[in-house]
Amino acid sequence: MVSYKLTVNIRFIRFVLLTLEIVHVQSAFRHDVTPSCKATDGECTFDFHINYIMSMVAYNRTSLQGFPVYFNNGTLFKRTALPEGNSSHCCENTPLSKKEMEEVLTIDGNYKFMYAINNQFPGPTIVVYENQKVKIRVYNDMANEAVTLHWHGMFQSKTPWMDGTSMISQCPILPGQMFTYKFTASPTGTHWYHSHHGAMRREGLNGAFIVLPQIKKERTDIPKVDNDVLFMTQDWVYKKSDAQAVAEQNWYMLQFSNNLNTADCLTSKFTYDSSLSTLARPYTNALINGKSKSFSNSSTENQKTVPLELFTVKTNSSNRFRIINTGITGEYKISFDEHRMLIIATDGFDISPVWIDYLFINPGETYDVIVIANNTPGNFWIRVESDEVLDAQKNRIKPNASFAQLHYQEAKSDFPESKNRECSSSDPCVMANCHWGSKTMSKWNPHAQCMSVADLEAPSHTNVESPKAFQESANEFQEFFLNFHFSGSDQRLERASVNTIHFKNPPEALQVNPETVDDQNVVCNNTNMDQCGEYCQCTHVIKVATKKVTHIVLLADDGLTKGTSHPVHLHGNRFYVLKYSTGEINETTGFTEGQNPDIQYSPDFRSAQWRNSSWKYGNVPGINIENPPQKDTVMVPFKGYVVIRLLADSPGFWLMHCHLETHMDIGMAVVLQVGEISEQPIIPKDFPKCSNFKGTKSPDKSSPAQKYQNFVQLSNVKATTQVSKAGGSDSYEMSPSSYVTMIVFLVAFFCGIVVFSSILVFKQYVRRRGYRKIDRKDKVLFGNKH
Ligand SMILES: [Cu+2]
C-alpha cells in the first residue's frame, strides 16, 4: 500500500495580540498536476484534517511563533508590537521574507476565519490513476460543526455510500470524529471535491481531484501537452460565514419577492439575456487558486497590491489549464489576453477540440483548455469576469473582474499591460458554453459566435457506449420533466423547489437507511404529493428503473418574468447532453421574455410535458444522438430546457441539485433512486448510522394559510412541545409525554393556588384574631388610659 501523508500534526498557538487560536499554515498552494502516489495501482491514501483557520497570518514552524500580517503598497509586513514605550505605531515595520510569505494564506488581503483542509486553501490536490483505490481519512477537528466531503464527478459505482452527500449517502461527520472514504477512482479527467454539508465549500473546503489514465495515450486530435496546471475559480465574500450565506439567501429571497431593491441585500443585476445574474448579491471577488483582489478595485491597475496567481510558461509551450468553478454561486467568463483556448474536455469527458476566445463556466463545471504560448514573450492578464452586465434598470454595465497573470519565463517579470481581445468582422470571436444563444449574444457583440454546451461534440475516440445504440420503445424508455425553480409567487422562504417540491433532508441518510423511502411521512413524489397544496416540503425521491434509457428534460421556469438559469449537477452518473433550447428571445432586445413553446406546464408548475405529444419516447426533433458531449453538470437556461440522457445502470440514491449552493441549501434538489433497494449494493455492516434523534422533516401537506398559522404557532411554542412526526404535517403538536407534563403542571399549579389562597385566608384570619387580641390587650393595657 502506498501511503502519501499530506498532513502535519495540527498545533495550536495562541496569539496574545489577537487572543485567537491559529493553526499552522502550510506552504502555499501549488497549481502543478503531479501524481500523489508513485504507483499507478494499489491504494493511494490521504489524511485530511479539517479545521478553522485565519487568512493573513504567518506561522513559523521552527520557532512556533506566528504573527498576523498586513499589506501596505503591495508589500506584506509583520504586524507585531513595537518595544514598550513606543506608542506611536502599533506594528513593526518589517517586510516578510519570501519564505514567510509562503506561510500566509493571503487570499485577497483581508483577515477572515475560514475552513481549511490540512491548513491549505485550496485543499490538497488529489492526483490518482483510473481504477486506483483511493482512501481518504477525514478528521473533523472542528469544535462545533459537522462536515462531509463529496467527490464531485466520481461514479461511486458499487459504493454509493461513499458519495459524501450529507443525509443522502451518509450521516455527517461530527466534531471529533473520523470517517474513511474508500472508493475506486473513475472516470478519468478533471474533477474536484468539496464539502456537501451547508455552504462550507466556498469558505475553504474544496480541492481538485484529478484522475489520470492508467496508460498514457496521447490524444492525436490535440497538441502534445507540456505543462499541466490547475485553475480553480470561485466566488468569495471576505466577511461572511457559511451559515450567514444561507441566511442571507433567505433574506435575499424575501427582498426579491417584495421588490425591495436595497443596495445592501439585492443588487438586481442581470446577465446577457436579462435573466438574473447568478451573483445575486454583492460579492467581493472571484478567487483564482485562492488568490485575487477585491472587485471594488477591478481595474487592472489596482491588482498591484495583493499577490495574484501567476502561471509561468515557456515560449511555444502547450499548456493544459484544468479550469474548475468551485464557487457556490457565480457564473464566470474566462479569457486569456491575446491568446486563444482550445477546449478539449468538460467535466472530465473528452470533447472534440474547439478553438475559443471566451469560456463561460458555472459552479460545479470543469473545462480543460489548452493555451499555446505563441505570442511575443511577455506578461498577459487572465480575466475572470462576472455575469453581471445589466443594472436594475437593464442599462449595460461593466462586469466585475478578477485577474491572474500569464508570464513567459523568457520575458522580464512585469506588471501586464495587455488588453482584452476585440472581436471584429475580419476576426470574429467564439464563446463557449453560452446558455442564452446567438440571438442574444449578437446584440452584445455582432462579431461573437455563441456555442451552447450541446454544440460541443464527443470525439470519435470516446470509448463509452454511444447513446445511439439504445433502443427507444415505451418498454425500454422512461422520461422525466424536472423543473428547477422557485415555486409560487409570494414571499415565502421555502420556494426553492423541483416541480414545486421543496427538498428537506430525511431524518436518516437514505443510502444508510433505505427503509426511510417507504415512510410516506418522510418521502414524497408525484404519487403522493397531490395533497401537498401549493407548497410541498419533503424528501423528494423519484424512482428511476435500471437498464432503461432515461431522458430527463431539465427546466428552469418560475412562471414569473424575473428568474435565473440554474446549473444542475447529478451525482454518481454522467449524462449526454442531447439538446439545448433557450426561452423565447425578443428579437429586438435579445432578452428572454417568454417560455419555450415546446414545453407545456401545468398551471401550478408541478408538472410539464411536450406540447407536441408525438415528441414522447425520445422522439424529439433536433437531438444529437450521434456524438453528444457527456457531462455531470449543465446550465439549464431560464425558461428554456435541456434534454439529457442517462443509462441508469448504477443503483443507489443520487442527489440531483442546483449547484448554486444557496439554491440547493434552501431546497432546490431531488433524489433519483436508481433501481429497487434490492438491486442496490449491500452497505458494509459497520457503516456508521445517524443517531436516534427525531427528525423534523415530514412532508408538509398543509395549505399556505395553514402553514402561516403553524409558523405563528411555532414562534410561540413552549419548550415542552415537540415536532410531531406522525400525521404528515409540520404542525407542532404535543406528544403524549408532553400531555402528562402539562397535566402534572396544571395540577401542581392548581394545588399551588389552593395552598396559597389558604395561607392568605389563614393569615387574614390570624391577623384579625391578632388585632382582636391586641384590641383586647390594648383595652386591657391602655384602654383605661384613653
Ligand atoms: Cu439554482
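**Exercise 1. Which residues have the most contacts inside the largest nonpolar core, and how many residues does this core have?**

First, the ground rules. This is a predicted model, in which local features need pLDDT of at least 70, side-chain atom pairs count only at pLDDT 80 or more, and totals for chains, interfaces and linings use all residues. Residues are numbered from 1 along each chain as its sequence is written, and side-chain values use heavy atoms, with hydrogens and water left out.

*Solution.* 
- Step 1: know the term. A nonpolar core is a set of buried Ala, Val, Leu, Ile, Met, Phe, Trp, Tyr and Cys residues joined through side-chain atoms within 4.5 Å. Buried means under 20% relative accessible area; exposed is over 50%, and partly exposed lies in between (1.4 Å probe, protein chains only).
- Step 2: read the core. It has 73 residues, and Phe321, Leu359, Leu482, Leu554 and Met656 have the most contacts inside it.
- Step 3: find the main contributor. Strand β28 (residues 477-486) gives the largest share, four residues. Strands (E, at least two residues) and helices (H or I, at least four) are DSSP runs, numbered from the N terminus.
- Step 4: look elsewhere. Another core, of 35 residues, lies apart from this one; Tyr115 and Leu205 are among its members.

**Exercise 2. Which residues coordinate the copper ion?**

*Solution.* 
- Step 1: list the donors. They are His566 (ND1), Cys658 (SG) and His663 (ND1), at 2.0 to 2.1 Å. Donors are N, O and S atoms within 2.8 Å of the metal (3.2 Å for Na, K and Ca); water is not among the atoms, so sites may look incomplete.
- Step 2: check the spacing. The donor residues follow the pattern H-x91-C-x4-H.
- Step 3: Histidine 566 is in strand β34 (residues 566-570) and cysteine 658 in strand β43 (residues 652-658), 92 residues apart.
- Step 4: Histidine 566 and cysteine 658 are both buried.

**Exercise 3. Why does aspartate 558 count as buried?**

*Solution.* 
- Step 1: locate the residue. Aspartate 558 sits in the loop between β33 (549-555) and β34.
- Step 2: apply the cut-off. Aspartate 558 counts as buried because its relative accessibility is 9%.
- Step 3: name its neighbours. Leaving out residues up to four places away in sequence, aspartate 558 touches His485, Phe486, Gly563 and Phe605. Contact means heavy atoms within 4.5 Å.
- Step 4: follow the side chain. The aspartate 558 side chain reaches the backbone nitrogen of phenylalanine 486 at 2.9 Å.

Key
A polar contact is a pair of N or O atoms within 3.5 Å; within protein, one must be able to donate a hydrogen and the other to accept it, and residues adjacent in sequence count only if both atoms are side-chain atoms.
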